[in-house]
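Hello,

Here is the structure we talked about handing over. Please take a look, then read my notes below.

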Amino acid sequence: MHQLTQLLARLRDAGNTVLVVEHHPQVIAVADHVIDVGPGAGARGGLIQFVGTPADLRRSGTVTGRLLDRPLEVSSSARPWQGTVPVRDARAHNLTGVDVDIPLGGGLTAVTGVAGSGKSSLATQDLPAQHPAFAVVGQDPLRGGVRSTSLSVLGIADTVRRAFSEVSGLAPAWFSFNSKGACPVCRGKGHITTELAFLDDVSTPCDECHGRRFNETALSATIRGSTIADVLAMEAREVAHLFEHSPEIAEAMSWLERVGLGYTAVGQSLDTLSGGEKQRLLLARHLRGVEDLAG
Ligand SMILES: [Zn+2]
């Protein structure tokens with residue numbers, strides 16, 4: 001990090017205007033000018049919270065300022081764990097036949113070291129290869145872009161479709177924008193992409209469905225006044241409230257909240273989520289599965 005901030009300073013000192021989009025406190029600290037956007041994440045943001053120096057940001061009372069001002073608390077005692085799982089003769093990539101023991105049952109273990117030293121090889125290759133019970137929640141892209149949503153990743157899209165099917169008498173496929181429910185003009189994408197010969201493609205909202213992605217038949221069905229398109233535009237909390245009779249939906253929505261994705265729309269296309277958001281969604285899916293096994 002020090003090398004990076006030095007590099008940024010050199011770029012600036014050479015007369016360049018340097019603009020960095022960054023969370024890291026050390027990078028914010030070396031800035032001459034800070035613009036803090038918030039107040040919340042995603043749809044709950046969009047407002048300028050603070051403009052000024054890093055020192056003033058700490059005193060500003062914004063979420064970023066408060067967190068920067070509060071020193072990180074380091075736990076003074078390690079949580080006890082029960083036993084360990086051995087990794088022996090790990091040799092993925094540049095590992096040289098190392099042996100390590102990973103604490104089990106209640107321990108949070110951090111694998112750290114400089115870039116390229118073998119952290120990921122140990123944690124995501126040798127460990128799961130020797131102990132397949134370990135689930136690796138990595139940064140690999142979730143499959144599906146414009147056609148997948150948080151609901152489908154969490155495996156409850158069908159449950160929601162069945163609920164609409166029950167109230168309307170229409171087949172569940174009508175409540176999928178990948179199937180019968182699709183708007184005939186944009187085919188369920190919600191927007192029209194125009195290819196321009198020498199310029200980037202231009203995407204405009206669909207005139208027929210106004211971005212709702214569904215056709216009139218699908219939108220004729222409502223649950224307590226909400227259409228399937230309304231549901232997909234809701235945040236987790238609202239969906240849990242609307243389907244309060246469904247423990248399965250409530251539980252999946254609580255995981256979205258718990259991994260910090262409560263501000264996203266449950267029907268947002270995966271290709272509109274950031275890398276970090278996708279990783280948290282993947283984590284929510286794994287944690288759901290873990291709890292299913294436990295319960
Ligand atoms: Zn459309």
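**The zinc site**

Four cysteines coordinate the zinc ion: Cys183, Cys186, Cys206 and Cys209, each through SG, at 2.3 Å. Please keep in mind that this is a predicted model. The site is tetrahedral, with angles of 106 to 114° among the four donor atoms. For reference, the ideal angle for four tetrahedral donors is 109.5 degrees.

Along the chain, the donors of the zinc ion show the spacing C-x2-C-x19-C-x2-C.

The cut-off for buried is under 20%.

**The nonpolar patch**

Ile35, Val37, Ile48 and Val51 form a nonpolar patch on the surface. Together they have about 380 Å² of accessible area. Which elements give two or more residues to the patch? They are β1 (34-38) and β2 (47-52).

Val51 lies in strand β2. Its relative accessible area is 48%, so Val51 is partly exposed. Exposed would need over 50%.

**Around Ser226**

Ser226 lies in the loop between α8 and α9 (228-232). Ser226 is buried, because its relative accessible area is 11%. Leu242 is 16 residues from Ser226 in sequence. In space, the two are 8.7 Å apart, C-alpha to C-alpha.

**The chain as a whole**

The protein chain has 295 residues, and buried residues make up 33% of them. It holds twelve helices and six strands. Its C-alpha trace spans about 60 × 55 × 45 Å along the principal axes.

How is the chain divided into domains? The domain assignment gives domain 1 (2-69), domain 2 (84-130) and domain 3 (150-294). The centres of domain 1 and domain 2, taken over C-alpha atoms, are 35 Å apart.

To start, I would open the view at the zinc ion and its donors, Cys183, Cys186, Cys206 and Cys209. The patch of Ile35, Val37, Ile48 and Val51 could come next.

Best wishes

Notes: Residues numbered from 1 in each chain as written. Predicted model: local features only at pLDDT ≥ 70, side-chain atom pairs only at ≥ 80, totals over all residues. Heavy atoms only, no water. Patch = residues over 30% accessible without salt bridge, like charges linked within 9 Å, V, L, I, M, F, W, Y side chains within 5 Å. Areas by Shrake-Rupley, 256 points an atom, 1.4 Å probe, with all protein chains shown as cover. Salt bridge = Lys/Arg side-chain N within 4 Å of Asp/Glu carboxyl O. Helix = DSSP H or I, 4+ residues; strand = E, 2+ residues; numbered from the N terminus. Buried < 20%, exposed > 50% of the residue type's maximum accessible area, 1.4 Å probe, protein only. Donors = N, O, S within 2.8 Å, 3.2 Å for Na, K, Ca; no water. Tetrahedral: all angles 85-135°; square planar, octahedral: opposite > 155°, others 65-115°. Domains from an automatic or database assignment.
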